[in-house]
Number of protein chains: 2
Amino acid sequence: MRGEVVPLVTIATAGNPRSEVLGRLADVSEDHGLEGMANRLRDLRALTASDFVEVERALASMPSGPSRVRQAGAHLLQLGGKRLRPLCVALSARCGSGYSEAARELAIAVELVHAATLLHDDVVDLGERRRGEATARLVYGNTTSIFAGDWLLIEALRRVQRTRVPGTLERLFDVIDEMIEAESLQLEHRGRLEMDRAVYFRVVEGKTAALFRWAMFAGGRAGGLDADHCNALETYGLHLGVAFQAVDDLLDLSGEEQATGKSLLADLSEGKMTYPLLAGLERDPGLRPTVQEIVRLTASGQAAPKALLAEVLGSLTRSGSLDDCRALARRRAALAVEAITTLPPSAARQALEAVAQSSVDRDR
Amino acid sequence: MRGEVVPLVTIATAGNPRSEVLGRLADVSEDHGLEGMANRLRDLRALTASDFVEVERALASMPSGPSRVRQAGAHLLQLGGKRLRPLCVALSARCGSGYSEAARELAIAVELVHAATLLHDDVVDLGERRRGEATARLVYGNTTSIFAGDWLLIEALRRVQRTRVPGTLERLFDVIDEMIEAESLQLEHRGRLEMDRAVYFRVVEGKTAALFRWAMFAGGRAGGLDADHCNALETYGLHLGVAFQAVDDLLDLSGEEQATGKSLLADLSEGKMTYPLLAGLERDPGLRPTVQEIVRLTASGQAAPKALLAEVLGSLTRSGSLDDCRALARRRAALAVEAITTLPPSAARQALEAVAQSSVDRDR
């Protein structure tokens, strides 16, 4: 499996001066005899490299003034990231008339919204590590992190408004509303381990997929595409978002901390329902007391013993729940690719296909 | 002094079905021989009563769905409030072409922004009482209160955008940014007791006056007024906002908890700089160790002994710092009135004058 890995980070950071992983991974693909993928990666890099130089520059130059709120916002933005949502905007716009200045502003905006939610999430989850570094809330405090998130959100909305691309601001309000509702739903179920599949998907679609949907819609609109094509792109965003979250769920259980930059088993410890856990508890109800014990220990401020965590991980592996989660991601990636078959063939459409396919195997 | 009191709450809740204080206070004014003020109150009530029925209805019908985030938002909205900011929008619009549907939406929006900041403030300040009731964060938790604030903010922005009144959305983004920066500045100075007047006014102008400015600007724009008139209204908002905050500072020290619905001496205990404290420390530097001790005790979770609080209050009274704060409010109210002399005479302009003048003596 690992041989086919084309981590998305390489694609999205093509223009990030601090990373030249794309070239390195094209080489790795070649070493593995995956010449086709290596070539596609190089093409993608050529396609989007310049798109991202300006996005990175804008994100890096966001903070202004000495205020701690600005510093906390800058702290997160400067840790980099996959920049997958801006990539969606850029490629979606390129499916139409191209990556205009408006599209670039929308690409920056979607990353700012994402960064705002990360700042707030880390406060809510008491997160300590993000992208391999201390979270803003540890460095600047919870309150400053909340205000920093508010600031980035307002900055995002301001940029979207300035583009005057029809429908994008209204839609972003709706999407932020969906994100808040999904966070609320997740919060209500936290630690109760009784979430069913319907609720799980409502949370994931609101918390993660909604913003991907918006990124695709906004790019399409900026590229002047008609309603049908924008809908197709949005459907792509929905499925990519769910696939993305499913892989995130997996990485929480089986990722390498050095690659993901997050603490392993954080979701599990925080009592957050993930897809493998959902499937695992369905298949092996006897697992519930162990999981409940982990959640109880973490909630009371104690670290769960490694043996307990290993027991859960072992059960999820044996019951095939991890494989199921990967299969879910693969299915959704396929649906994402299928959704955009109605678009005229283009390099950008091919790139979106590669993004969806490679996202399933990403390791960070 | 009390005989002249015309609490603003009476004006702003004229259309609130749960309060008929306006009539009561017109009677009280009459009892005190203030026939002129009683008549003006009755006129104001007639002028704005119907304006507010719909604002109240919209605020009361905001929550939808069973989510705890919506419930937390509704909790705050249903506690009522002075509705002073919507009143500003309504009167400002009436200085122009009138209180249109767009003006009403802007009036609702400004109260939603205000409510959003209260929800977040109570989390930041660990507030326990608001409008005489338990804060949303005590009932629903800190996280839910934060998301509820986010929700109300997005709902406000959405309404402003839908009105399509030129400039109002851009200006609201700027104002929210100013509010965040002011909160950040206040946070950085909290407990350090070394804020100078320049910083104090920067905090107040951002935290409180900016939204009043926006309310006046938005109403004026909805009423079709030209840039000069809108500027005049905005200047009114700036000064009214500072006057309003100065009275809030006073009420924290000398208000009656039953009237204000807040805990007395909360600002002082939280190490927040208020105008009387600023003036008092300038005049009596010997007061500093006592104030510092109160802040230290509160920060470490202990209640400050009443004797210490009484000592500070006594010093501020003796040094004339409380009177000074009232004088500041009076000056700013006069500047507010002066700012709108360039507007054509109208019942709405007179009402704005009455609002500014009576705000100085409000007791809640």
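This is a predicted model: local features need pLDDT of at least 70, side-chain atom pairs count only at pLDDT 80 or more; totals for chains, interfaces and linings use all residues.
1. Next, the interface. Chain B puts 27 residues into the contact, and chain A puts in 27 residues. On the chain B side, four helices each supply at least two residues of the face touching chain A: helix 4 (68-77), helix 6 (101-125), helix 8 (142-163) and helix 9 (168-189). Helix 9 of chain B gives the largest share of that side, with 12 residues.

2. What about the make-up of that face? The side of chain B that touches chain A has 13 nonpolar, eight charged and six polar residues.

3. As for which surfaces meet, 100% of the interface residues of chain B are also interface residues in chain A, so the copies meet through the same surface.

4. Now a look inside chain A. The axes of helix 6 (residues 101-124) of chain A and helix 8 (residues 142-163) of chain A come within 8 Å and cross at roughly 160°. Anything over 145 degrees counts as roughly antiparallel, which makes helix 6 of chain A roughly antiparallel to helix 8 of chain A. The crossing of helix 6 and helix 8 of chain A is left-handed.

5. Last, the residues in that packing: where helix 6 of chain A contacts helix 8 of chain A, there are 16 nonpolar, five polar and five charged residues.

Methods: Residues are numbered from 1 along each chain as its sequence is written. Chains are lettered from A and ligands numbered from 1 in the order in which they are written. Two residues are in contact if their C-beta atoms, placed from the backbone, lie within 7 Å. Ala, Val, Leu, Ile, Met, Phe, Trp, Tyr, Cys and Pro count as nonpolar, Asp, Glu, Lys and Arg as charged, and the others, Gly among them, as polar. Axes are lines fitted to C-alpha atoms, for helices over the stretch in contact, and angles run from 0 to 180 degrees between N-to-C directions. Angles under 35 degrees count as roughly parallel, over 145 as roughly antiparallel, 65 to 115 as roughly perpendicular and the rest as oblique. A crossing is left-handed if the near helix is turned anticlockwise from the far one by less than a right angle, and right-handed if clockwise.
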